Amino acid sequence: MPVTLVKEKYPSKVGEVVLGATAAEGGTRTSVIRVGGDGTLPFLQFEGSVENRPIIAMEVTDIVPPWNDTIKEQFGDVLGNPVAMAKKCVEEFGADAIYLKLIGADPEGENRSPEQCAQVVKDVLAAVGVPLIVVGCEDPEKDNEVMAAVAEAAAGENLLIGLAEQDNYKSITAAAMVHKHNVIARSPLDINICKQLNILINEMGLPLNKIVIDPMIGGLGFGIEYAYSIMERARLGALAGDKMLSMPMICTVGYEANRAKEANVGAGEFPGWGELQDRGILWEAVTAAALLQVGASILLMRNPASVRLVQRNIADMMEQNA
Amino acid sequence: MGLTGLEIYKQLPKKNCGECGTPTCLAFAMALAAGKGSLDACPHVTDAAREALDSASAPPIKAIKFGSGSILGDETVLFRHDKTFYHPTTILIQVSDTMSDDEIAAKVAEINDLEYDRVGLHYSLDGVAVVNESGDAARFAAVVAAVAKATEKSMVILSNSAEALKAAVPQVAERKPLIGSATADNYEAIVNLAKEQAVPVILKADGLDALNDLVEKAQALGYKEFVLDPGSRTPSQSLANFTHLRRLAIKKKFRPFGYPVIAFTSKSEPLDEILEASVYVTKYASAIVIKTSIKAHLLPLLTLRQNIYTDPQKPIQVEPTLHVVGDVNEDSPFYITTNFSLTYYSVEGEVEASKIPSYILPIDTDGTSVLTAYAAGKYEPDKIAAAMEASGIADKVKHRNVIIPGYVAVISGKLQELTGWKVIVGPRESSGIVSFARTL
């Protein structure tokens, strides 16, 4: 006997955000990327449209990054050269976008000037055709200066820039508005602050389709379940019509997963955990795969081997199941 | 489950005799609705009413138990934040009877060894699925017997042939394996075998309509210990099927699908297979059969399972007693944090990485993080002072320095006053501990 399936009817959709701009739109990207737009829970095509597949943006740094050797080895001699690194990510590893992290701006580190940082962004823009996601060094004051310079230097490119936070969102939002970029709104694993921050940014005049939510995920084994449930609630909120929760979500998978000891220490130190090689790859890839199931649209990833796995997982999940 | 007091009351005899221990039938109905009593307490309820109430109050997904402590099903929600997921996915590793005896022995030994300790938790792999790929009933029975001897873990016994299952199952029936798979072609023989041996059985059909037909036919044989397999073998189709099964069972109380679900991975490359299994762990599979048995592959999967099945309302806590990292001495630094497991192990990991033997005292904050505890008044100086006193730290170190989390720098004055110890404000994030420790 045929079974009558339960198919939910959602009154609303996740908002769609466009990253990058082609020459026709005033930028220099060879193509743009659309994220979000889904009218259903992740990958449930049988009850709504899955407009855009989730994308992977690979992390590129302006100076040699403090990553573990199993990841660094896969990049070879391009580390510390953001242009070559970005090219490698796109051409060899198939990154959909580049996540440029300007850690060289750190006042406690190399303390590069905003102008130097803006130049790096321009160089990377010239080297690759994919859209760029650019964030600073996590020193709020310095980042405000750096991102203002970056936003100006890359005007027209329709970047995704970060980070806007509850107590520091004005200057980056202003920079994004003036130079027409998108903004990452980051909230500390709290759906109420997440919503409030989106309202504050929107009140400054930045349209909702220029905002992406960063829920500050925890990595596998270190609080991923909190992010998992918050993202699931945000997606349900978006589908139920809550406009202030309907932005696409971005996840700092590479950073969080690779903070874990499980992704860094070898079998010599922890024989019970097995060999580091595959364990490290999976620690990042499983973090990503789990968050895909609750609506991640942009995965910020680091380990090329993990990226390859997650690319295949996304392709699998996008297969028709209606 | 889910019946209101009034719905129950309609089925009661309405004698108000008080024999059930409550003064009126309505009060008894209310007690039942609240789960405080059993229908057995009423001597006058009719059999028809009893059946109506029992089936209405039965859980939406039946609990199926097998092997050594494996519990499948018995779930009540679609999203973990609605309540919690109760029974962590049972993960089984496949062993084929086409492998040589030595290969099987090595594989089972490897499976037995899949035990892990991380952040104060212990994970272990649940069991072995023996698959009849040889087409030989005698070989299959011999392999099942050998595996049963070599491991204490739960067993799944899989064959397309009723003959092979008849040969293999009875000899290990007391281990209560899960057997399968019964299909439209052979269900009578296999379900009857399961019934005779009192073991649960997998019903496998191609698609949900066919599965519905099969469940109804199998139930007609007078047995209900089932696990469902909708036949899909791709991640996307399985996600859709598992979602439909879970929704129909929970939202529509659709009885034929009120059983747990088993998933089989299709990927042959082990890392892809782990990602495929991750999808099934998050989305409703009660059991998963996988092929890889490599240590480094299973740890991430078992960690995800533990995370997803954590009760969102009960944070995992560590003992609020003095913890020791490394080979401490009387000069070792002394940190305080909270007993929220995630907070504690973030601190412990960094203290360990600093390679300086140290003491860490997690304060009992009912398993909340530093800022949450502080905001809730559970991280007050007098409480911390009392915990320090009780921990006996004063006898263990000769210095009088206590390092507190940077986020609660504001309590340092009061704490110093209460304890007489010098309060050192540490970094805000535990990730700053390594560089901070060097400055001590």
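B:K267 and A:D316 form a salt bridge, with their closest N and O atoms 2.8 Å apart; the term means a side-chain nitrogen of Lys or Arg within 4 Å of a carboxyl oxygen of Asp or Glu. Between chain B and chain A the count comes to seven salt bridges. Keep in mind that this is a predicted model, where local features need pLDDT of at least 70, side-chain atom pairs count only at pLDDT 80 or more, and totals for chains, interfaces and linings use all residues. Residues are numbered from 1 along each chain as its sequence is written, chains are lettered from A, and side-chain values use heavy atoms, with hydrogens and water left out.

**Where the chains meet**

- Chain B puts 51 residues into the contact and chain A puts in 54, where contact means heavy atoms within 4.5 Å.
- The size of an interface is often given as the accessible area lost when the parts come together.
- Here chain B and chain A bury about 4500 Å² between them, 63% of it on carbon and sulfur atoms; buried area is what two parts lose in accessible area (1.4 Å probe) on being put together, summed over both.
- There are also 17 residue pairs in polar contact across this interface, both residues being at pLDDT 80 or more. A polar contact is a pair of N or O atoms within 3.5 Å; within protein, one must be able to donate a hydrogen and the other to accept it, and residues adjacent in sequence count only if both atoms are side-chain atoms.
- On the side of chain B that touches chain A, helix 9 of chain B gives the largest share, ten residues. Helices (H or I, at least four residues) and strands (E, at least two) are DSSP runs, numbered from the N terminus.
- That side of chain B splits into 22 nonpolar, 14 polar and 15 charged residues. Ala, Val, Leu, Ile, Met, Phe, Trp, Tyr, Cys and Pro count as nonpolar, Asp, Glu, Lys and Arg as charged, and the others, Gly among them, as polar.

**Inside the protein**

- The largest nonpolar core has 187 residues, and those with the most contacts inside it include A:F75, A:L299 and B:V191. Such a core is a set of buried Ala, Val, Leu, Ile, Met, Phe, Trp, Tyr and Cys residues joined through side-chain atoms within 4.5 Å.
- Buried means under 20% relative accessible area, exposed over 50%, and partly exposed in between (1.4 Å probe, protein chains only).
- Not counting residues up to four places away in sequence, A:L299 touches several residues, among them A:I55, A:C251 and A:V310.

- B:T338 sits in strand 14 (residues 334-338) of chain B and counts as buried because its relative accessibility is 0%.
- The side chain of B:T338 reaches the backbone oxygen of B:T368 at 2.8 Å, and one of its polar atoms lies 3.2 Å from the backbone nitrogen of B:F340.

- The peptide bond from A:G162 to A:L163 is cis, with omega near 0 degrees, and A:L163 belongs to strand 6 (residues 160-164) of chain A.
- Another cis peptide bond joins B:G180 and B:S181, with omega about -5 degrees; B:S181 is in strand 8 (residues 178-182) of chain B.
- A:L189 is not a glycine, yet its phi is positive, about 50 degrees. A:L189 is in the loop between strand 7 (182-186) and helix 6 (191-203) of chain A, and is partly exposed at 33% relative accessibility.
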